[in-house]
Amino acid sequence: MLNRWIQPVCIGLALLGGGLSASIALAQTNTERAVQSYVNVTLPAIARMKPYIDKSASDRAKAFATMGLTDTTCGASVTESITAHEHFAEGAGNLCGAMIAWMQNEDIYTCSRVKFSGIDFAHTEPVSAEIAKRHKSDDIPGTRLRLQKAAGCDTKTVAYWGPKLLGLVDQLSASVTNAGDLQPPSSDAAVPTQKAFEYKVFQCHLAYNADENTKSAVADAADDACYAMNYILDHKTLDACRTLDSSITKAVSMGASDPLASEAKALMSKLAKRFGSLDCGMVIATAKVEEDQAKARAAAAAAAAARASAPSEPAINPYAKHNAIVGEINGETQSFNNSLEVAQRWFDRGEDYESCGYYQKALASLRRLETLYADLRRETGDSDYGAKSREMNDEQTAVLENYGDMCMDAERRLY
C-alpha cells in the first residue's frame, strides 16, 4: 500500500527585510538546496531503479525491497526544486516518484507522475548549470520515455483505467461503515489507516484523469462515488448523500456510446444500495426543508426588525387552536411532499421496493391530513375544510391505484 501524498504545486516565499541583496542571497540558498537534493538524492535514486524499468513486476518488487527507498524518498527534493523554480529538478523528482510506484507495480501513480515530469521538462527557465548538465549527461528525459513505454502510459485508455477506478470505489465502500468508521474491506485484510484511505481517494482522481481524451459518464460517476465515501469517513452525511445522488444520476444518464456502458448498471446498483442504507432520500429532503425554513426565518426576522411597533399588552388569541392545526397541516403536507419525492426518485431508478416504503409514508401523511382537515372543519364550522378532507381521501385512493399493484408485486418478489 502506497501512502504517498500530493506534492505542493507552489510555495509562497515571504522575504522579510534586507533589501535586494538579502533576496538574492535567499534565492541562491534555495537554488543550492535544490541542486544538493537533486545531486545527492534524486539522481542516485533514479540510477538505482533505472536497470529494473523493463523487468517483471516480481523482479521489480524484490529489488525494491533491498534498496532502502520509501514512497517519500524524493518528496523533499520536489518541494525544494519548486521553491527554487528549478523545473528540471522538479521533473526529476516526479520521475523518481513514478519509478518508485512502478517498482511496486502501481501504474496509476506511475503514469500520473510520468505525465507531470514531462510538463516539468518542457520548461527551461530558470535552470542551474549543474542541474542542466546532469539532466543531459544522466539522460533523465530518456529515462522518462523508457518508463512511459514500459508502463504503457500512452496506450492505456479509459477502457483500462475505468475498471481500476471502479475497483477503488468498491474498496473504499467496503472500508468505511455508514457511521464513518474504518473497517477491514475483506475478511483477510487489515483495517486501513486514514492516510491509506485518503490515498485511495487520490488514486480515484488520478485514474479518472488518466485518459484526458475520452469522456465517460460512468468514470465521472465513479470519481464522485470515491469522494462520497470520503465524506462518509468525515461524518458529513449530507455531503455524502448529495454526492451519491449526483453519482447515481450520472451513471443513469450515460449513453450507449460510453466506453464503460457495460459497467453502469452494476455501479448504479451498488451506489443505490449505499444511498438507501444511509436513508439519503430523507436526509436530502430534510435538509432542503431546513434550508427553506432558515430562509423563511431570516426573512421574518428582517421584516420584524424593519417594523417599528410600540409594546402592547398580551392578548388572548382566539385562533390559537386554529393556528395550531394549520401548523400541523403545513408540517404534514411537507412530510407528504418529501416522501413522495423520495419515492419517485427510487421508482425512476427501478428500485420498486425502496420506492414503496416511501409511498407508504406518503399515504400515512395523507391519512393524517384528512383527519386534520376534519378537525379544522369542526373548529371553524367552515364546510370547505370538509371538502378538503374528502380531497385527501381521494388523493389516497389515487396513490393506491397508481402504485398499489406495483408495491404488492415488489413485496412478493422480495419474500
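Colleague: Let us start with one side chain. Is tyrosine 199 buried or exposed?

Modeller: Look at its relative accessible area. The cut-off for buried is under 20%. Tyrosine 199 has 2%, so it is buried. Keep in mind that this is a predicted model.

Colleague: What about tyrosine 109, buried or exposed?

Modeller: Read it the same way. Its relative accessible area is 4%, so tyrosine 109 is buried.

Colleague: How many aromatic pairs does a search of the whole structure find?

Modeller: The search finds 5. Tyrosine 109 and tyrosine 199 make one of these pairs.

Colleague: What does the pair tie together?

Modeller: Find each ring's helix. Tyrosine 109 sits in α5 and tyrosine 199 in α9, so the pair joins parts that are 90 residues apart in sequence. There is also a cluster here: ring pairs link Tyr109, Tyr199 and Phe202.

Colleague: Now the whole fold. How many helices and strands are there?

Modeller: The protein has 16 helices and 0 strands. It has 415 residues, and 40% of them count as buried. Then look at how far contacts reach. Among contacts between residues at least 6 apart in sequence, 75% join residues at least 24 apart.

Colleague: How do I read a nonpolar core?

Modeller: Begin with the general idea. In soluble globular proteins, nonpolar side chains tend to be buried together. Here the largest nonpolar core holds 73 residues. Met49, Ile140, Leu147, Met229, Leu244 and Leu267 touch the most other members. Helix α4, residues 87-103, gives this core its largest share, 11 residues. Another core, of 10 residues, lies apart from the largest one. Its members include Ile329, Ala362, Tyr373 and Leu376.

Colleague: What does leucine 244 touch?

Modeller: Skip residues up to four places away in sequence. Leucine 244 then touches Ala228, Met229, Leu271, Arg274, Phe275, Leu278 and Cys280.

Colleague: And how do I read a pocket?

Modeller: Rolling a probe the size of a water molecule over the atoms shows where empty space is left. In this model the largest pocket has a volume of about 410 Å³. Its lining has 22 residues. The closest to the pocket centre are Lys115, Asn209, Ala210, Asp211 and Glu212.

Colleague: Which elements give two or more residues to that lining?

Modeller: They are α5 (107-121), α7 (140-151) and α9 (194-208). Helix α5 gives the most, with 7 residues. The lining divides into 9 nonpolar, 6 polar and 7 charged residues.

Colleague: Let us turn to the loops. Where is glycine 152, and is it buried or exposed?

Modeller: Glycine 152 is in the loop between α7 and α8 (158-175). Its relative accessible area is 12%, so it is buried. Its C-alpha lies 8.9 Å from that of aspartate 107, which is 45 residues away along the chain.

Colleague: Which residues does threonine 214 contact?

Modeller: First find the loop. Threonine 214 sits between α9 and α10. At 31% relative accessibility it is partly exposed. Leaving out neighbours within four places in sequence, it contacts Val158 and Pro259. Its C-alpha is also 9.4 Å from that of alanine 159, 55 residues away in sequence.

Colleague: One backbone question. What is phi of asparagine 105?

Modeller: Phi of asparagine 105 is near 60 degrees, a positive value in a residue other than glycine. This residue is in the loop between α4 and α5. Asparagine 105 is partly exposed, at 44% relative accessible area.

Colleague: And what is phi of histidine 235?

Modeller: Histidine 235 also has a positive phi, near 60 degrees, and is not glycine. Its loop runs between α10 (217-233) and α11 (237-252). With a relative accessible area of 54%, histidine 235 is exposed.

Conventions: Residues are numbered from 1 along each chain as its sequence is written. This is a predicted model: local features need pLDDT of at least 70, side-chain atom pairs count only at pLDDT 80 or more; totals for chains, interfaces and linings use all residues. Side-chain values use heavy atoms; hydrogens and water are left out. A nonpolar core is a set of buried Ala, Val, Leu, Ile, Met, Phe, Trp, Tyr and Cys residues joined through side-chain atoms within 4.5 Å. Buried means under 20% relative accessible area, exposed over 50%, partly exposed in between (1.4 Å probe, protein chains only). Helices (H or I, at least four residues) and strands (E, at least two) are DSSP runs, numbered from the N terminus. Contact means heavy atoms within 4.5 Å. On a 1 Å grid over the protein atoms alone, a cavity is a set of points where a 1.4 Å probe fits but cannot get out, and a pocket is an open set with protein on both sides within 12 Å along at least five of seven lines; lining residues have an atom within 4 Å of a point. Grid points are joined across faces, edges and corners, and a volume is the space filled by probe spheres set on the points. Ala, Val, Leu, Ile, Met, Phe, Trp, Tyr, Cys and Pro count as nonpolar, Asp, Glu, Lys and Arg as charged, and the others, Gly among them, as polar. Rings of Phe, Tyr and Trp (its six-membered ring) pair if their centres lie within 6.5 Å; planes under 30 degrees apart count as stacked, over 60 as edge-to-face and the rest as tilted.
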